[in-house]
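Let's take a walk through this structure together, one contact at a time. Keep the picture open beside you as you read.

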Amino acid sequence: MKITIAGTGYVGLVTGVCLADIGHIVTCYDIDEQKVQKMRQGISPIYEPGLEDLMKKNIEEARLFFTTDPQTAYEDADVIYIAVGTPENEDGSANLTYVEETALAISRYVIKDVIVVIKSTVPVGTNDRIQALIDKHKSPEIRVAVVSNPEFLREGSAIYDMFHGDRIVIGANDEYAASVIEEINKPFGIPIIKTDRRSAEMIKYAANAFLATKISFINEIANICEKVGANIDDVAYGIGQDKRIGPHFLKAGIGYGGSCFPKDTKALVQLAGNVQHKFDLLESVINVNNKQRLLLYTKAKEMFGALAGKKAAVLGLAFKPNTDDIREAASIVLIDKLLEEQVDITVYDPVAMENAKKILNDSVQYARSAVDAINGKDMVFIVTEWEEIKNIPLSTYVEKMKEPIIFDGRNCYSWQEAKSYPVTYISIGRGQAGEAQPLFSKHK
Ligand SMILES: NC(=O)C1=CN([C@@H]2O[C@H](COP(=O)(O)OP(=O)(O)OC[C@H]3O[C@@H](n4cnc5c(N)ncnc54)[C@H](O)[C@@H]3O)[C@@H](O)[C@H]2O)C=CC1
Ligand SMILES: O=C(O)[C@H]1O[C@H](OP(=O)(O)OP(=O)(O)OC[C@H]2O[C@@H](n3ccc(=O)[nH]c3=O)[C@H](O)[C@@H]2O)[C@H](O)[C@@H](O)[C@@H]1O
């Protein structure tokens, strides 16, 4: 099967590489010349564990190709995946410009029957609209079937997720097109759910909205725990043992970020609004998250009053560990607030520093290591729970800071451990070290 992937970002590149790895001939197409040049040499433009090795292997085995030429990309393909970005518009709705541009380019260049798969996250009804758009612009003798196949991978474990996902969703109005996409995906050995296009589109938004809801819920419980002297680690563990609730996505922290939950929750609120449904629950989830992202700043403000002139280190810039992605990262929200207060900021992240520089420029200092960042600071904010950051011994804070004050937004240390060091340790949902806390907490 000859497959083309349009858009080689976090989703497109991983999809292309993994489809090549299960035996398909894949051409990845992108408008970004620089990216394509890198990828041709087997260099991944993004940090994603395992991706570069798999890229190199499939380039060498002549199953994976890259191009910036739309004609080469589209004219000869049996199946074309659209994996371009769908960022948010100012009003929160999804911006479909890139998807539409791709659809028009496909209409222009295809010369044989083809299946177009929309992998990008798009509002319900978009697959129908793209089908109509392509039908209007393509040559009349060519048949194009549009199929929805939303993606559920997580950044940082994208390759693992492609081979071990919980399900693959195929939404089609055409039995034959659905069966072709099913065949393509069979080697992954993941359960396949077939449905109509609109339901497939809704499954994607509902899944992300539900996961975001779990996070805001546990964050609210954490905020209450702090006030009533309970420990969120034990509470999350305790509720997670109920199979109906499940143990995943109950990690309290400073809110969800990334390129998808923030934009997809807003897009679903918009989508509901378009059909006169006010999605009160999801609006609250978003509001809770917006507040949660300011929590460390609020706590620092409560502790210090004025922050001007203080020296702070921010550890972790990526929106989560194992990625270089800083889109909608909690770090940026926190840093903006600290800069408003004229705090002198030093940042460190194992891989996201280059991306962060594009946004933060010279408003902060960039440390070469976490320990360098901590050295001589009045306070440290832990924002991303990289292994490297979690593994910093608390004794290092004691050695490197005059008066160690740690605001830990990801509960990297156990309550017991923090209590045994001369540090002021403020975390999420566990009160402040030194206050009365549960004696039996075993769960970090
Ligand atoms: N990042 C993630 O973890 C996930 C993202 N998604 C969805 O997948 C879609 C893509 O997301 P990302 O991979 O994060 O985007 P991204 O922003 O990393 O990459 C998009 C790529 O598309 C390229 N592009 C733009 N216009 C193009 C065109 N006309 N033709 C060819 N290429 C073009 C860009 O140059 C860029 O390389 C979005 O709809 C997103 O919501 C879904 C699941 C997971
Ligand atoms: O549509 C998407 O783009 C993807 O969005 C998320 O994946 P991702 O954004 O890569 O990362 P997650 O691991 O879901 O984390 C998202 C955010 O939630 C936060 N989070 C996650 C889990 C948790 O228990 N607590 C918590 O605060 C993380 O720190 C992070 O900021 C979903 O997990 C994927 O299934 C989906 O495909």
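A backbone N or O atom of leucine 153 sits 2.6 Å from an oxygen atom of ligand 2. That is a polar contact, meaning a pair of N or O atoms within 3.5 Å; within protein, one must be able to donate a hydrogen and the other to accept it, and residues adjacent in sequence count only if both atoms are side-chain atoms. Ligand 2 also has an oxygen atom 3.0 Å from a polar backbone atom of glycine 257, and a polar side-chain atom of lysine 320 lies 2.9 Å from an oxygen atom of this ligand. In total, 20 residues surround ligand 2, and the closest are Phe152, Leu153, Glu155, Lys204 and Cys260. To count here, a residue needs a heavy atom within 4 Å of the molecule.

Before going further, a word on what you're looking at: this is a predicted model, where local features need pLDDT of at least 70 and side-chain atom pairs count only at pLDDT 80 or more, while totals for chains, interfaces and linings use all residues. Residues are numbered from 1 along each chain as its sequence is written, chains are lettered from A and ligands numbered from 1 in the order in which they are written, and side-chain values use heavy atoms, with hydrogens and water left out.

Now over to ligand 1. It has 26 residues around it, and Asp30, Lys35, Thr86, Glu155 and Lys263 come nearest. Backbone atoms take part here: one of glycine 7 is 3.5 Å from a nitrogen atom of ligand 1, a polar one of tyrosine 10 is 3.0 Å from an oxygen atom of the ligand, and an N or O of threonine 121 is 2.9 Å from an oxygen atom of ligand 1.

Step back and the chain divides into domain 1 (2–194) and domain 2 (196–443), with bounds that come from an automatic or database domain assignment. Their C-alpha centres lie 32 Å apart. Where they touch (heavy atoms within 4.5 Å), domain 1 brings 34 residues and domain 2 brings 28 residues.

How much area is buried between domain 1 and domain 2? About 2600 Å², with carbon and sulfur atoms giving 53% of it. Buried area is the accessible area (1.4 Å probe) that two parts lose on being put together, summed over both. On the domain 1 side, Tyr47, Val124 and Glu155 lose the most area to domain 2, together 25% of what that side buries.

Side chains of opposite charge can pair when their charged atoms come close. Four salt bridges run between domain 1 and domain 2, each a side-chain nitrogen of Lys or Arg within 4 Å of a carboxyl oxygen of Asp or Glu. Elsewhere in your picture, find aspartate 128 and arginine 198: their side chains meet in a salt bridge at 2.8 Å, N to O.
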